[in-house]
Amino acid sequence: MSQTETGAQNKKLTRTDLFSMAIGQIIGVGIMTMTGIAIGFTGRSVNLAYLLAGVLTIVSAIPQIYIGGTANFPGGQYSQIAVLAGQKLAGIYTFVNLAMSLAISMYTLSFADYFLALVPGVNVKLLSFIVLTALFGIKQAARLQNILCVVLAVAIGAYVAFGIGHIQPDYMAPDQFMTGGITGFLLAAVYLNFACGGATYVVNFSSQAKNPTKDIPFVIIVSTGAIVVLYAVMSTIAAGVLPVSEVANQPLSVSAAVFMPGPVHTFFVVGGAIFALLTTLNFSIGMMTYPALRACKDGWLPKGLATCNKKFGTPHWILLAFYLIGLVPILVGLDLTTVANSTVILTTAIRGVIAYAALRLPKIMPELWSQSKFHVSDKALKVVCGLTLVITIISIVLLLVSTAPVQILGNCCILALAVVLAFARNRHVKL
């Protein structure tokens with residue numbers, strides 16, 4: 001079966017659904033948790049780091065838009081890589097995608113940080129189990145996203161409205177601004193590039209979209225641009241209402257407690273922080289599921305993993321695998337920064353592979369590419385994809401410089417295992 005066939009799948013997701021899901025994916029662990037990490041790198045210049053991250057995100061998303069605007073790939077990034085970059089790279093992506101479910105622990109750890117502010121002493125492991133097992137089905141997920149995003153918007157509006165007047169007058173003080181120098185600033189932007197880039201993964205829902213080649217590129221560009229501006233404002237408040245030392249590496253609930261009345265603070269923690277993390281987790285499970293389903297059909301993973309629950313229509317074995325992998329960092333006691341490092345490095349590497357895949361559009365899909373509304377000259381395509389590859393390489397280098405040796409070893413082991421498994425399974429795969 002061709003990777004671009006949709007088969008008999010019913011297309012359910014409208015542009016509104018996709019936009020809501022993209023917003024929910026962007027507004028999540030990034031603004032609610034990684035903002036604190038970025039403040040730790042660069043202090044109050046975090047708002048400028050967000051703007052730079054937004055530019056990097058949109059530039060890096062262009063190759064993804066070229067691909068998504070040319071053809072519908074039911075398996076999302078997996079199918080794009082398989083068709084355009086080759087079978088072996090698709091296999092490597094498959095196993096890296098499984099490892100990316102480690103990010104689930106990042107979401108649940110963040111969720112617990114905020115939830116503990118309201119209910120001290122709650123069992124974090126039990127809470128993680130409830131959150132991970134309570135989400136079912138892609139269409140149910142889309143409807144849930146719509147509801148959560150409305151409440152989320154109100155909570156974020158409250159954070160901005162209450163906090164904007166409490167920014168300290170010495171915001172630009174030398175000891176509070178660019179605290180990590182240019183290296184810290186760039187590193188913050190790289191981290192926040194991950195925080196701003198969630199919308200690009202809406203491509204993994206191509207098989208469920210009504211009009212993927214038009215809706216998905218639109219959703220990626222508009223949602224990213226709008227949210228980056230909002231992020232810059234929110235991060236200004238987060239870094240500006242208290243000294244940097246008190247908000248660095250801390251959740252937004254710390255700054256919110258300064259200027260929000262008790263009931264409003266509770267609403268922000270529940271309707272803003274917790275709902276944001278839920279929408280990210282909700283989206284991420286679906287984001288990882290469709291590539292995995294396609295990989296099962298092609299033979300990279302056991303076909304039995306794709307078996308769906310008859311009542312809910314969800315691939316329960318795949319979800320269980322994601323849950324178990326995501327639970328590992330929590331059980332072994334890894335902290336949020338460690339998990340974030342691994343997640344950002346793996347995600348950044350995949351972005352580079354997508355840029356390489358886009359470079360092959362004129363060769364692999366000449367007719368479809370020539371008819372694409374996003375078609376550009378070969379020279380322009382090489383410039384854009386080359387720029388994305390340069391951004392990818394620089395980002396990975398910066399991340400490695402700031403990463404502990406044990407974390408570097410962990411990332412290398414994940415990549416090495418993915419390569420070994422891909423080459424071992426390659427002869428059993430038929431695309």
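First, the ground rules. The model is predicted, so local features need pLDDT of at least 70 and side-chain atom pairs count only at pLDDT 80 or more, while totals for chains, interfaces and linings use all residues. Residues are numbered from 1 along each chain as its sequence is written, and side-chain values use heavy atoms, with hydrogens and water left out.

Let's start inside. The largest nonpolar core has 138 residues. A nonpolar core here is a set of buried Ala, Val, Leu, Ile, Met, Phe, Trp, Tyr and Cys residues joined through side-chain atoms within 4.5 Å. Buried means under 20% relative accessible area, exposed means over 50%, and partly exposed is in between (1.4 Å probe, protein chains only). Which members touch the most others? They are Ile27, Met32, Tyr159 and Leu252. Helix H13, residues 262-298, gives this core its largest share, 17 residues. Helices (H or I, at least four residues) are DSSP runs, numbered from the N terminus.

Take Tyr159. Leaving out residues up to four places away in sequence, Tyr159 touches Met234, Ile237, Ala238, Leu252, Ser255, Ala256, Phe259, Met260 and Phe268. Contact means heavy atoms within 4.5 Å.

Now, Ile37. You will find Ile37 in helix H2. Ile37 is buried, because its relative accessibility is 5%. From Ile37 to Ala112 is 75 residues in sequence, and 17 Å in space, C-alpha to C-alpha.

Next, salt bridges. How many does the structure hold? There are 2. A salt bridge is a side-chain nitrogen of Lys or Arg within 4 Å of a carboxyl oxygen of Asp or Glu.

One joins Asp215 and Arg15, at 2.9 Å, N to O. Asp215 sits in helix H10 (residues 212-240) and Arg15 in helix H1 (residues 15-26), so this pair, 200 residues apart, links distant parts of the chain. Are these two buried or exposed? Asp215 is buried, at 8% relative accessible area. Arg15 counts as partly exposed, at 35%.

Another joins Asp170 and Arg44, at 3.5 Å, N to O. Why does this pair tie together separate parts of the chain? Because Asp170 is in the loop between helix H8 (138-163) and helix H9 (181-196), while Arg44 is in the loop between helix H2 (29-42) and helix H3 (46-68), 126 residues apart in sequence. Asp170 is partly exposed, with 37% relative accessibility. Arg44 is buried, at 0% relative accessible area.

Ser45 is buried, with a relative accessible area of 0%. Apart from neighbours within four places in sequence, Ser45 is in contact with Phe177, Met178 and Phe185.

Now to the outside. Gly121 lies in the loop between helix H6 (103-118) and helix H7 (124-133). Gly121 counts as exposed, because its relative accessibility is 74%. Gly121 and Ser79 are 42 residues apart along the chain, and their C-alpha atoms are separated by 44 Å.

Last stop, a surface patch. Val328, Leu331, Val332 and Leu334 make a nonpolar patch of about 350 Å². Patches are made of residues with over 30% relative accessible area and no salt bridge: like charges are joined within 9 Å, nonpolar side chains (Val, Leu, Ile, Met, Phe, Trp, Tyr) within 5 Å. Accessible areas come from the Shrake-Rupley method with a 1.4 Å probe; for residues, only the protein chains shown count as cover. Val332 lies in helix H14, residues 316-332. Val332 is exposed, at 57% relative accessible area.

How values were computed: Helices (H or I, at least four residues) and strands (E, at least two) are DSSP runs, numbered from the N terminus.
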